[in-house]
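User: I would like to go through this structure with you. Could you take my questions one at a time?

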Amino acid sequence: MESSARREEAPLTPREIFERLDRYVIGQDAAKRAVAIAAHNHLKRVQARRLRRQSLIKKSNILLIGPTGSGKTHIARNLADILQVPFTTVDATEYTEAGYYGKDVEVMISDLLLKANHSVEDTQRGIIFVDEVDKIARRSQGARNGAGSRDIGGEGVQQALLKLLEGREVYVPLNVTQAWNKSDFVQVDTRDILFICAGTFSDLHDAGDEASCRPLGFGADDASKRLRKRISTRQLVEFGMLAEFLGRLPVVVQLDLLGEADLIRVLTEPPDSIVREFRELLAMDELELEFDDAALREVVHYSVSRGLGARGLRSILEHVMADIMFEAPERRRRQLKVDADYVRPRLVGLDAVQLNV
């Protein structure tokens, strides 16, 4: 009995976490491995604290660096599902240092508390995904690509986040919509909350440098991915991230730009893929839906050509399928095939602004 109980308490191994992530997240194998290891160490840390053991295990907060639509949020959300912990996504640009107009950083803990149905115990083992951290960088000089200087207030937000990332007992508002009302608050220990920060850090991929050393010929795509991976801590500091802030994000993971072959798989392979979702929706109207391979390639090519990545696929397909979805209840007991000829004219004139991505 004791040995079986011990097995039940054993945290998921990195391989188990990787394999579960692999079902829902296409590509990005190196990123999934790194995240799986960090999550496993996080589980061991939480377990040691639950058993009241003295432990040297430090927090394994994660920094994800990658282009738009490469799967940063998708990895974090699926990791929370695998670990069965509360999860919330926040935008770093909405927060300010204490005393200024905007949200205090403690409000992100309130968001997690809300997702945990106000259970402090569950909140203290949850995951907070902080997006757009590159937008709170402090840099007084102009960017090489002409983006200009950032607001130096970004340094204050990084400073305010340090205590949460490291792990402190903080007072957070119970009502997210009334964060200013300090009379209703609860104490939350952030030592076992896993923070996953993410950003594109697009200024670090200087267009001129990439163009001057762009590989050509067979295997060029793989070589270009390797080039994009060379981002050092020194570069991040020069970009405007505080060394202390990066020090509390020990696991740095860089994601590759997803190619067209990967995006085709994103559309079709995962159990919750967009294509499967549309098939299920139309099956409820007694319609059998089939997507032609060429039709999916048109959708993927459109997304890649506009730099939308995987994030744009749903919005594009929603636009393409709008007429079919409108008429679906009137077309019972029929088979529908969506081909390239149907998709192509519906993509003409479609603006990325319309896609809301």
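User: How close do the axes of helix 13 and helix 15 come, and at what angle do they cross?

Analyst: This is a predicted model. In it, the axes of helix 13 and helix 15 come within 11 Å, and the crossing angle is roughly 35°.

User: Is that crossing left-handed or right-handed?

Analyst: The crossing of helix 13 past helix 15 is right-handed. On the helix 13 side, the contact is made by Ile-274, Glu-277 and Phe-278. Helix 15 contributes Leu-313, Arg-314, Leu-317 and Glu-318.

User: Which residues of helix 15 are buried?

Analyst: Helix 15 covers residues 313–320, and its buried residues are Leu-313, Ile-316, Leu-317 and Val-320.

User: Why do residues three or four places apart point the same way in an α-helix?

Analyst: An α-helix has 3.6 residues a turn, and therefore residues three or four places apart point the same way.

User: Moving to the loops. Where does Glu-286 sit, and what is its phi?

Analyst: Glu-286 is in the loop between helix 13 (274–283) and strand 8 (287–291). Its phi is near 60°, which is a positive value in a residue other than glycine. Glu-286 is partly exposed, at 34% relative accessibility.

User: And Phe-201: what is its phi, and is the residue buried or exposed?

Analyst: Phe-201 has a positive phi of about 50°, although it is not a glycine. With a relative accessibility of 1%, Phe-201 counts as buried. Phe-201 is placed in the loop between strand 6 (194–199) and helix 8 (207–212).

User: What does Leu-258 touch, leaving out residues up to four places away in sequence?

Analyst: With those left out, Leu-258 touches Ile-26, Gln-28, Gly-69, Ser-70, Leu-263 and Ala-310. Ser-70 is 188 residues from Leu-258 in sequence, yet their C-alpha atoms are 5.9 Å apart in space. Leu-258 belongs to the loop between strand 7 (251–254) and helix 12 (260–268), and it is buried at 10% relative accessibility.

User: What share of contacts in the chain join residues at least 24 apart?

Analyst: Of the contacts between residues at least 6 apart in sequence, 73% join residues at least 24 apart.

User: Changing topic to the aromatic residues. How many aromatic pairs are there?

Analyst: Counting ring centres within 6.5 Å, there are two aromatic pairs. In one of them, the ring centres of Tyr-171 and Phe-185 are 5.0 Å apart and the planes stand at 85°, so the pair is edge-to-face.

User: Which strands hold Tyr-171 and Phe-185?

Analyst: Tyr-171 lies in strand 4 (residues 169–173) and Phe-185 in strand 5 (residues 185–189), so the pair ties together parts that are 14 residues apart in sequence. Tyr-171 is partly exposed, with a relative accessible area of 49%, and Phe-185 is also partly exposed, at 42%.

User: What lies over the face of Tyr-342?

Analyst: Arg-346 does, at 3.6 Å from the ring centre of Tyr-342.

User: Finally, the chain as a whole: how many helices and strands does it have, and what percentage of its residues is buried?

Analyst: There are 18 helices and nine strands in the chain. Of its 357 residues, 45% are buried.

Notes. Residues numbered from 1 in each chain as written. Predicted model: local features only at pLDDT ≥ 70, side-chain atom pairs only at ≥ 80, totals over all residues. Heavy atoms only, no water. Phe/Tyr/Trp six-rings, centres within 6.5 Å; stacked < 30°, edge-to-face > 60°. Helix = DSSP H or I, 4+ residues; strand = E, 2+ residues; numbered from the N terminus. Buried < 20%, exposed > 50% of the residue type's maximum accessible area, 1.4 Å probe, protein only. Lys NZ or Arg CZ within 6 Å of the ring centre and 35° of its normal. Contact = heavy atoms within 4.5 Å. Axes fitted to C-alpha atoms, helices over the stretch in contact; angles between N-to-C directions. Left-handed = near helix turned anticlockwise from the far one by under 90°.
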